[in-house]
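My notes follow in the order I took them.

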Amino acid sequence: MSCPLGAAFADPVDETLVIDDKEMITRTKAPEGHPFDEVLSGWLFREAETRATQADSFANPGMLSVERGEEIWNTVDGTAGKSCASCHDDASVSMKDIGARYPKWDAAANKPLNIELQIDKCRTENMGAEAYKFDAEDQKSLTTYIKYQSLGTPVSVDLTQGEMQSWWDKGKDLYYTRMGQLNLSCSNCHENSMGKFIRADHLSQGQVNGFPTYRFNTAGMVSLHNRFRGCIRDTRAEMPKAFSDELMALEVYVTWRGLGLSVETPAVRQ
């Protein structure tokens with residue numbers, strides 16, 4: 001893809017991200033078969049003020065979602081009279097590093113599950129509670145809280161589980177498929193145009209290690225599938241449903257593209 005009119009180049013910053021005395025891995029060697037030699041966190045492409053906000057847990061607005069998620073974790077809900085803590089106790093122990101390993105293969109569902117779908121499975125099967133509606137604030141908060149327990153842990157996804165490799169293949173196909181009236185693919189922005197400024201936006205590699213993410217432009221938390229659907233909408237294509245097989249395959253593939261980067265949830269972006 002040629003450089004769009006008015007676009008300019010800029011390198012990602014050469015800085016270290018430390019959160020709560022934990023040094024984050026924001027750049028690392030790419031896995032075999034990756035289109036880049038090095039994978040880079042989106043934090044390296046953000047403005048200084050945004051980077052500083054994420055580095056300071058007191059200033060990071062996403063931490064309000066973490067706090068709300070902790071409340072939900074300990075709140076009884078459903079006919080079984082259970083909370084998340086009833087089965088999993090202290091999340092800082094039971095959920096430590098868990099969020100870094102999703103999506104994971106679920107044999108019963110015969111598909112990969114992300115954190116949101118795993119939460120819904122626990123709610124319906126173990127708590128007697130209703131599944132969350134997509135992007136409900138409590139869904140985003142609980143997902144953020146669980147992912148936060150993996151802060152600093154390198155992202156990993158096990159493609160040897162079940163049929164994960166075939167879902168990775170489907171996700172890769174989708175990543176490189178042009179769509180919509182603008183005839184754009186994910187790769188056009190996050191691979192061909194990585195490092196360019198288009199308008200006021202500095203295009204990153206599109207890594208997902210910080211989701212759910214606090215975004216200044218919406219003044220709230222944004223889930224990964226919300227972002228996927230928003231990107232597809234911006235190409236003027238029909239948006240797939242959240243957690244559809246199409247978007248779950250894309251999540252598997254895009255997560256793999258960021259292997260080795262630290263979980264940064266809740267990341268802060270423009």
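Between which two helices does the loop that holds Lys241 lie? I find Lys241 in the loop between helix 9 (224–234) and helix 10 (245–257). Helices here are DSSP runs of H or I with at least four residues, strands are runs of E with at least two, and both are numbered from the N terminus.

A note on the source: this is a predicted model, where local features need pLDDT of at least 70, side-chain atom pairs count only at pLDDT 80 or more, and totals for chains, interfaces and linings use all residues. Residues are numbered from 1 along each chain as its sequence is written, and side-chain values use heavy atoms, with hydrogens and water left out.

**Lys241**
I checked its cover next. Lys241 is exposed, at a relative accessible area of 67%. Exposed means over 50%, buried under 20%, and partly exposed in between (1.4 Å probe, protein chains only). Setting aside neighbours within four places in sequence, I see Lys241 in contact with Arg229 and Leu247. Contact means heavy atoms within 4.5 Å. I also looked at Lys170, 71 residues away along the chain from Lys241. Their C-alpha atoms are separated by 16 Å.

**Thr143**
I moved to helix 6 (residues 137–148), where Thr143 sits. Is Thr143 buried or exposed? Thr143 is buried, with a relative accessible area of 2%. Its side chain reaches the backbone oxygen of Gln139 at 2.8 Å. Beyond residues up to four places away in sequence, Thr143 touches Ile115, Glu116, Ile119 and Pro212.

**Sheet 11-10-12**
I traced three strands that form an open sheet in the order 11-10-12, with mixed pairing. Strand 11 (220–222) and strand 12 (267–269) each have a single partner strand, so one side of each is left without a neighbour in the sheet. Strand 10 (residues 213–215) pairs with strand 12 in the parallel sense over three bridges. Two strands pair if DSSP finds at least two bridges between them. Arg215 stands opposite Arg269 in strand 12.

**Whole chain**
The C-alpha atoms fill a box of roughly 60 × 40 × 35 Å along the principal axes. Buried residues make up 51% of the 270.

How values were computed:
A polar contact is a pair of N or O atoms within 3.5 Å; within protein, one must be able to donate a hydrogen and the other to accept it, and residues adjacent in sequence count only if both atoms are side-chain atoms.
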